[in-house]
Each structure stands twice: as C-alpha cells, then as structure tokens.
Amino acid sequence: MSKNQKNSHDVRLMQQRIDEGILLAQRRLLKRGLHDDLSFIVCSEGHVQEVPAKEISKF
C-alpha cells in the first residue's frame with residue numbers, strides 16, 4: 001500500500017469514528033430529552049421550530 005493510500009484509509013477511518021461519535025451523542029441527547037420530557041429547537045427546511053423529544057424518531 002502506498003503512502004497516499006494509507007493516508008486516505010486513515011482519513012476514512014477517522015471520519016467513520018467521528019461520525020459514530022456524533023451519532024452516539026445525538027442518541028444520548030435524545031434519550032435524555034425523552035427521560036426529562038424536553039423539546040429541542042431544530043432548523044428544518046429553513047424554518048426554526050420546537051420539536052418535543054417524543055416526536056423525534058430519526059436516530
């Protein structure tokens with residue numbers, strides 16, 4: 001494996017780990033929101049809106 005291929009592989013692996021960490025953080029935040037009956041402020045299609053945690057199911 002060439003140096004460029006190794007660097008590219010390392011970058012992909014690092015990005016995968018970052019993505020997994022973000023997903024884990026989102027799931028934990030949603031779990032806390034469900035437990036404490038919270039709502040979240042989200043921007044969807046250019047509109048800012050308040051969404052109760054119990055209505056979020058995308059994770």
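In which helix is the place of Met14? Met14 sits in helix α1, which covers residues 3–35. The model is predicted: local features need pLDDT of at least 70, side-chain atom pairs count only at pLDDT 80 or more, and totals for chains, interfaces and linings use all residues. Residues are numbered from 1 along each chain as its sequence is written, and side-chain values use heavy atoms, with hydrogens and water left out.

**Confidence**

- The protein chain has an average pLDDT (the predictor's confidence in each residue, from 0 to 100) of 92, and 97% of the residues score at least 70.
- Among the elements of the chain, strand β1 (residues 39–44) has the lowest mean pLDDT, 93, while strand β2 (residues 47–52) has the highest, 96.
- Helices (H or I, at least four residues) and strands (E, at least two) are DSSP runs, numbered from the N terminus.

**Helix α1**

- The end C-alpha atoms of α1 are 48 Å apart, in agreement with the 48 Å that its 33 residues should span at 1.5 Å a residue; the expected span is 1.5 Å times one less than the number of residues.
- Met14 is exposed because its relative accessible area is 54%; exposed means over 50%, buried under 20%, and partly exposed in between (1.4 Å probe, protein chains only).
- Met14, Ile18 and Ile22 make up a nonpolar surface patch with about 290 Å² of accessible area together.
- Patches consist of residues with over 30% relative accessible area and no salt bridge, like charges being joined within 9 Å and nonpolar side chains (Val, Leu, Ile, Met, Phe, Trp, Tyr) within 5 Å.
- A salt bridge is a side-chain nitrogen of Lys or Arg within 4 Å of a carboxyl oxygen of Asp or Glu.
- Accessible areas come from the Shrake-Rupley method with a 1.4 Å probe, and for residues only the protein chains shown count as cover.
- Arg32 also belongs to α1 and is exposed, with a relative accessible area of 56%.
- A separation of 15 Å lies between the C-alpha atoms of Arg32 and Lys58, which are 26 residues apart along the chain.

**Loop between α1 and β1**

- Asp37 lies in this loop and has a positive phi of about 55 degrees, although it is not a glycine.
- Asp37 counts as exposed because its relative accessible area is 61%.

- Ser44 has His47, in β2, as its bridge partner.
- Two residues lie between the strands of the hairpin, where Glu45 takes a positive phi near 55 degrees.
- Glu45 is in the loop between β1 and β2 and is exposed, at 77% relative accessibility.
- The C-alpha atoms of Glu45 and Ser57 are separated by 18 Å, the two residues being 12 residues apart along the chain.

Notes:
Pairing = 2+ DSSP bridges.
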